[in-house]
Amino acid sequence: MDLEKEDLFPHLDDILQHVNGLQQVVDHWSKNVLPEGECEGDGGMTDAQSSSQITLDFEGTSLTTPSDGDRDGVSLNDTDTSSTRERRDSGVGASLTRPRLRWPSFRMSNRLSQSGASLQISSQSAGQLSLLQKFSLLRLTAIMEKYSMSNKHGWTWSVPKFMKRMKGPEYRDKSVFAVPLIVHVQRYGQPLPLCLQLALRYLRSQCLDQVGLFRKSGVKSRIQALRQMCESSPESVDYEDQCAYDVADMVKQFFRDLPEPLLTSKMGETFLHIYQYVPKEQRLQAVQAAIMLMADENREVLQTLLCFLSDVTSSVEENQMTPMNLAVCLAPSLFHLNIMKNDNLSPRSIQRKYATGRPDQKDLNENLAATQGLTHMITECNRLFEVPQEMLTQSRNSYMDAELLAPPLDELCKQQQQLEEDEEEGEEEGSYRCYLEGLIQNLLKEARDKSKCWVSRPNIDNTELSFKKLGDGTPLRRWRVSVEVEAPPYVVLNRVLRERHLWDSELLQGKVLETLDKQTEVYQYSLNSMAPHPSRDFVVLRTWRTDMLKGVCVLVSVSIDHEDSSPVGGVRGVVLESQYLLEPCGSGKSRLTHICRVDLKGKSPEWYNKAFGHLCAAEVARIRNSFQPLDAEGPETKI
């Protein structure tokens with residue numbers, strides 16, 4: 001995997017290249033963002049002249065920040081589970097082979113209002129999230145500078161070393177345990193393995209009444225058997241009749257065995273310092289900023305775990321597990337406290353350190369901070385992953401510029417004219433047909449220039465993968481995947497168009513909103529996400545051709561804003577381009593080339609660079625594999 005080849009925050013040089021200038025900004029924030037007596041421990045802002053009105057020097061005038069509203073309402077998945085289930089049973093649901101996990105009955109403490117949905121990290125575009133991370137770095141630095149203890153305990157706050165590259169252990173022969181979360185994303189599309197999601201679902205649905213859950217130890221032999229089940233078949237583990245304490249211990253071991261802690265090696269020490277030195281009334285905004293700076297896959301798993309632990313505490317009368325009790329049991333596994341210390345000490349130092357049999361005061365302070373920190377995170381889990389309203393106000397101009405919205409149908413031709421200044425005027429100029437025809441011609445041109453400006457990546461699952469950087473203002477690469485399929489082009493085209501349920505296990509539903517002509521339509525589909533994160537839906541204008549030279553077939557899609565597209569998911573993604581080129585290559589086979597560029601929302605540009613190419617390759621591989629039936633005597637695909 002390419003974990004060491006990508007910098008986590010490649011744009012931080014833009015912030016840090018002038019240290020003196022950064023220090024001036026930090027000093028400004030220290031004086032204005034954190035005025036004396038400020039307190040937001042109870043939630044929303046209460047003073048119209050609070051720090052939410054402070055604006056950075058490179059922004060315009062300030063705006064008044066409204067107070068946060070109530071945080072209860074609809075489920076995190078933001079879908080009607082009963083209606084979704086009816087749609088699945090009536091169509092594509094019966095054909096799926098991989099189980100989809102959702103938690104349809106979240107406690108009210110973990111629900112969001114419609115008005116607060118736009119403030120969730122999961123709804124931000126790649127450009128917006130990149131911008132918010134830079135603002136979070138400034139905010140976190142300002143807070144830590146104000147409360148630094150440079151003359152006490154030998155500690156000084158410094159900007160986290162995001163550019164540091166870390167070498168991980170060998171994990172190619174492992175499936176679940178001791179595998180980096182980003183590798184799980186690259187392999188399976190989700191950062192938390194399905195067997196762990198099933199374990200959390202089992203504990204939540206059947207074991208919340210078990211006294212001392214996560215505190216009482218399981219049986220070592222049974223836990224090892226569960227680990228082996230997960231390693232051998234990570235997507236089909238049955239936990240029925242398993243001991244709750246065994247499953248809970250296995251979950252703890254998963255987080256303890258991660259190559260780096262869930263709170264990441266780069267940010268783990270920062271979290272400890274927040275809960276050691278920052279006053280209680282400032283901790284929420286400091287932790288929100290630190291969470292924003294975490295890798296996307298770690299942040300998503302942290303949110304899943306905290307929501308689950310919050311549900312565990314909701315049954316405290318039965319299981320006697322308060323947030324503090326859970327934190328005492330889980331903090332060592334999430335922070336990797338002892339592992340982090342011992343990795344930096346020589347054997348002689350370790351022996352000398354523990355010769356007295358008593359931990360030093362620094363260890364005790366950090367363990368206490370970790371326990372208090374996890375307790376606070378469990379209690380505030382429904383607020384930690386929001387974008388602070390005052391941050392949106394301070395960055396409003398840049399933030400709005402980074403927003404990515406699908407255009408209405410009548411705007412597509414205007415975009416095409418801006419992109420192609422030499423476009424010839426014709427009878428259909430100004431129509432969607434002109435725009436779509438331009439996409440098809442660009443696809444054919446890309447096919448002719450097979451290697452021009454494309455950067456090849458290692459082959460994944462016998463597919464050819466490459467990418468191209470574009471300078472159109474969107475920080476997303478264009479990815480291209482090619483593979484040979486055991487079917488003629490028109491059959492593969494039908495599989496992609498009408499039979500997505502046969503190759504996409506994440507599909508919840510799909511429907512045609514409007515048919516524009518025989519080969520053009522507006523199509524809406526929704527994809528499942530790891531619970532409790534919201535599902536994503538897409539509305540695309542797509543057209544296809546089956547009558548091209550030499551038997552070539554094409555399919556091109558792009559997101560649009562359609563008046564009849566009522567939301568069916570919690571977040572609406574944007575398909576910047578999705579193109580399929582199907583070329584015959586003899587013996588009834590096809591060469592499928594897929595060019596894709598999609599903003600799923602809630603992901604940073606660094607995540608797309610590390611993971612999205614793998615997801616594109618996995619999608620194409622599933623299409624190919626759907627033409628390889630397990631039963632050779634089974635029915636053929638009907639067109």
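Reply: Let's take strand E7, which spans residues 553-559 and is mostly covered, with seven of its seven residues buried. Buried here means under 20% relative accessible area, with exposed over 50% and partly exposed in between, using a 1.4 Å probe and protein chains only. Strands (E, at least two residues) and helices (H or I, at least four) are DSSP runs, numbered from the N terminus.

Please keep in mind that this is a predicted model, where local features need pLDDT of at least 70, side-chain atom pairs count only at pLDDT 80 or more, and totals for chains, interfaces and linings use all residues. Residues are numbered from 1 along each chain as its sequence is written, and side-chain values use heavy atoms, leaving out hydrogens and water.

Strand E6 (residues 536-545) runs antiparallel to E7, and six bridges join them; two strands pair if DSSP finds at least two bridges between them. Within this pairing, Leu555 of E7 is the bridge partner of Trp544. Strand E9 (residues 574-584) pairs with E7 as well, again in the antiparallel sense, over five bridges. There, Leu582 in E9 is the bridge partner of Cys553.
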